[in-house]
Amino acid sequence: PGLSIIVVGFLAAGASYLVQNLFSFGVVAIGSLFWVIMGMIVSASKIGEEGESEQKPIEINPYFAYSSWILLAAVVAAVLFYLSYIPYQADIYFKTGKVYSRKNIDLATKNFELATDRAPYEGSHWTNLGLSYFAIAQKMSGAEQREMLLKTLGVIERASKTDPYNADNFHIMGKIHLLFDKLGEGGALDK
């Protein structure tokens, strides 16, 4: 009778989790709770079965068994932390670049470059890097401006490949080609 109350309690916890999840979205931290509750239900129901206590486990040195699992868990945790930290760090650089883009374009550009190094699959990082390159190119003149515009065009083309639905990329490309036309680059508007 005592164990059945525990199992019923765990079943109620699982049911309340499912009802709660109908009204909010599930996240990893809460989603894992469901599987912990399900595991507790299974283990609590197995304790009450007869005949299970007669099985004897294989004896293993506890130090070896626990230390290898702890080491494996530590390595997995370190790898997961590292992999989750990279996008977080890229986001910090991106948001810092957005803050500096109004006052210090050189510092903004450096932060956008770091963001694209950390997360090269984010189209918005490439678009904002292209915008900062374009702002720098507008302050230049002559061959130096032409080189910066070519660099900007390469970045914006990369941004449009990464995020083909971002219309800002095509807008910036059009501005670059108009600036090339003003510089006397023949056929810039044909592109």
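Leaving aside neighbours within four places in sequence, Ser 160 is in contact with Asn 169, Phe 170 and Met 173. Ser 160 lies in helix α6. Its relative accessible area is 12%, and Ser 160 is therefore buried. The model described here is predicted.

The protein chain contains 7 helices and 0 strands. Along the sequence the pattern is α-α-α-α-α-α-α. Of the 191 residues, 26% count as buried. The accessible surface of the chain is about 13500 Å². Carbon and sulfur atoms contribute 64% of that surface. Among contacts between residues at least 6 apart in sequence, 51% join residues at least 24 apart.

Two packed helices are described by the angle between their axes and the distance between the axes.

Helix α6 spans residues 142-162, and helix α7 spans residues 167-182. The two pack at an angle of about 160°, with their axes 10 Å apart. Angles over 145 degrees count as roughly antiparallel, so α6 and α7 are roughly antiparallel to each other. The crossing of α6 past α7 is left-handed. On the α6 side, the contact comprises Gln 145, Arg 146, Leu 149, Leu 150, Thr 152, Leu 153, Ile 156, Glu 157, Ala 159 and Ser 160. On the α7 side, Asn 169, Phe 170, Ile 172, Met 173, Ile 176, His 177, Leu 179 and Phe 180 take part. By class, the contact of α6 with α7 has 11 nonpolar, 5 polar and 2 charged residues.

Helix α5 covers residues 123-138. Its angle to α7 is about 20°, and the axes of α5 and α7 are 10 Å apart. Angles under 35 degrees count as roughly parallel, so α5 and α7 are roughly parallel to each other. α5 passes α7 in a left-handed crossing. Thr 127, Leu 131, Phe 134 and Gln 138 form the α5 side of the contact. They meet Asp 168, Asn 169, Ile 172, Lys 175, Ile 176 and Leu 179 in α7. The residues of this contact of α5 with α7 divide into 5 nonpolar, 3 polar and 2 charged.

For α5 and α6, the packing angle is about 165° and the axes are 8 Å apart. That makes α5 roughly antiparallel to α6. Their crossing is left-handed. The α5 side consists of Gly 123, Trp 126, Thr 127, Leu 129, Gly 130, Leu 131, Tyr 133, Phe 134, Ile 136, Ala 137 and Gln 138. The α6 side consists of Gln 145, Met 148, Leu 149, Lys 151, Thr 152, Val 155, Ile 156, Arg 158, Ala 159 and Thr 162. The contact of α5 with α6 has 12 nonpolar, 7 polar and 2 charged residues.

Ile 176 is found in helix α7. Its relative accessibility is 0%, so Ile 176 counts as buried. In the packing of α7, Ile 176 takes part in the contact with α6 and in the contact with α5. Not counting residues up to four places away in sequence, Ile 176 touches Phe 134, Leu 149, Thr 152, Leu 153 and Ile 156. Among these partners, Phe 134 belongs to the α5 side of the contact with α7. Leu 149, Thr 152, Leu 153 and Ile 156 belong to the α6 side of the contact with α7.

Notes:
Residues are numbered from 1 along each chain as its sequence is written. This is a predicted model: local features need pLDDT of at least 70, side-chain atom pairs count only at pLDDT 80 or more; totals for chains, interfaces and linings use all residues. Side-chain values use heavy atoms; hydrogens and water are left out. Helices (H or I, at least four residues) and strands (E, at least two) are DSSP runs, numbered from the N terminus. Buried means under 20% relative accessible area, exposed over 50%, partly exposed in between (1.4 Å probe, protein chains only). Contact means heavy atoms within 4.5 Å. Accessible areas come from the Shrake-Rupley method with a 1.4 Å probe; for residues, only the protein chains shown count as cover. Axes are lines fitted to C-alpha atoms, for helices over the stretch in contact, and angles run from 0 to 180 degrees between N-to-C directions. Angles under 35 degrees count as roughly parallel, over 145 as roughly antiparallel, 65 to 115 as roughly perpendicular and the rest as oblique. A crossing is left-handed if the near helix is turned anticlockwise from the far one by less than a right angle, and right-handed if clockwise. Ala, Val, Leu, Ile, Met, Phe, Trp, Tyr, Cys and Pro count as nonpolar, Asp, Glu, Lys and Arg as charged, and the others, Gly among them, as polar.
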